[in-house]
Amino acid sequence: KVDLQGSAAPSIQLLSPRRDVIDVRDGLLVGKSAGLAPVLVAVDGGTVIDFVHVSVRQTERIEVHGFDTAGADVGPLSEPIELVVGDGMRLSPRPYAGADRLVGVATSTWVVEPPIAVVLREGTPNRVRLVARQPGSATVKVTMLGVTSSLELRVVS
């Protein structure tokens with residue numbers, strides 16, 4: 001490990017020679033279609049200094065992950081959520097293809113039916129807070145990347 005005061009890594013840019021599979025927008029990788037593509041790492045002036053291959057896959061299912069009070073991901077939720085009126089839980093939909101969890105973010109749409117809870121956005125496209133408003137049972141549905149998943153919610157007083 002080298003630590004030189006006042007030094008920094010060189011400014012880099014990402015390049016995709018297979019823009020039909022993966023594109024680069026504002027420094028972010030954007031999957032366009034299923035496939036394998038190289039992503040080149042270049043310094044100012046266009047000199048390529050490294051590369052990595054990235055696999056783009058179609059989302060097959062969405063798993064809703066929960067977060068504990070410290071913000072740690074507790075993994076996919078497999079049981080109904082039970083909350084007390086006024087209580088909440090942080091949730092995030094995660095895309096999967098087969099057994100593989102896919103990386104990245106996408107906008108999600110949430111519906112609680114009947115509306116016994118409200119879904120609040122937390123400033124990122126893939127993280128929300130579910131807050132219980134009244135007692136009852138409901139289905140919480142999330143749609144992301146064209147795939148819908150649901151979980152059961154029970155609210156007690």
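This is a predicted model: local features need pLDDT of at least 70, side-chain atom pairs count only at pLDDT 80 or more; totals for chains, interfaces and linings use all residues.

Student: Fine. How many residues does the largest nonpolar core have, and which of them have the most contacts inside it?

Tutor: The largest nonpolar core has 22 residues. Those with the most contacts inside it are I81, L91, L130 and L153. The elements giving two or more residues to this core are β6 (61-67), β8 (81-84), β9 (88-97), β11 (108-113), β13 (128-132), β14 (136-144) and β15 (147-156).

Student: Ok, and what does L130 touch?

Tutor: Leaving out residues up to four places away in sequence, L130 touches I81, L83, D87, G88, M89, L91, V112, A117, V118, V119, V140 and L153.

Student: New topic, the open sheet. What is the strand order?

Tutor: The open sheet has three strands in the order β1-β4-β5, and the pairing is antiparallel. β1 and β5 (48-56) are the edge strands, each pairing on one side only. From one strand to the next, the twist averages 25 degrees.

Student: How many bridges join β1 to β4?

Tutor: Four bridges join β1 to β4, which covers residues 35-43. Within that pair, Q13 stands opposite A42, and the bridge partner of L14 is V41.

Student: And over how many bridges do β4 and β5 pair?

Tutor: Eight bridges, again in the antiparallel sense. L36 stands opposite S55 in β5. The hairpin of β4 and β5 has four residues between the strands, and G45 in that hairpin takes a positive phi near 100 degrees.

Student: Now S16. Where is it in the chain?

Tutor: S16 is in the loop between β1 (12-15) and β2 (22-25).

Student: Is S16 buried or exposed?

Tutor: S16 has a relative accessible area of 12%, so it counts as buried, the cut-off being under 20%.

Student: Which residues is S16 in contact with?

Tutor: Leaving aside neighbours within four places in sequence, S16 is in contact with I22, D23, V24 and P38. A polar atom of the S16 side chain lies 2.5 Å from the backbone oxygen of I22. The backbone nitrogen of R18 lies 3.3 Å from a polar atom of that side chain.

Student: What separates S16 from E79?

Tutor: They are 63 residues apart along the chain, and 41 Å separates the C-alpha atoms of S16 and E79.

Student: Last one, S108. Which strand is it in, and what does its side chain join up with?

Tutor: S108 lies in strand β11. A polar contact of 3.0 Å joins its side chain to the side chain of W110.

Student: Is S108 buried or exposed?

Tutor: S108 counts as buried, because its relative accessibility is 1%. Not counting residues up to four places away in sequence, S108 touches P93, R121, P125, V142, T143 and M144.

Definitions and conventions: Residues are numbered from 1 along each chain as its sequence is written. Side-chain values use heavy atoms; hydrogens and water are left out. A nonpolar core is a set of buried Ala, Val, Leu, Ile, Met, Phe, Trp, Tyr and Cys residues joined through side-chain atoms within 4.5 Å. Buried means under 20% relative accessible area, exposed over 50%, partly exposed in between (1.4 Å probe, protein chains only). Contact means heavy atoms within 4.5 Å. A polar contact is a pair of N or O atoms within 3.5 Å; within protein, one must be able to donate a hydrogen and the other to accept it, and residues adjacent in sequence count only if both atoms are side-chain atoms. Two strands pair if DSSP finds at least two bridges between them. Axes are lines fitted to C-alpha atoms, for helices over the stretch in contact, and angles run from 0 to 180 degrees between N-to-C directions.
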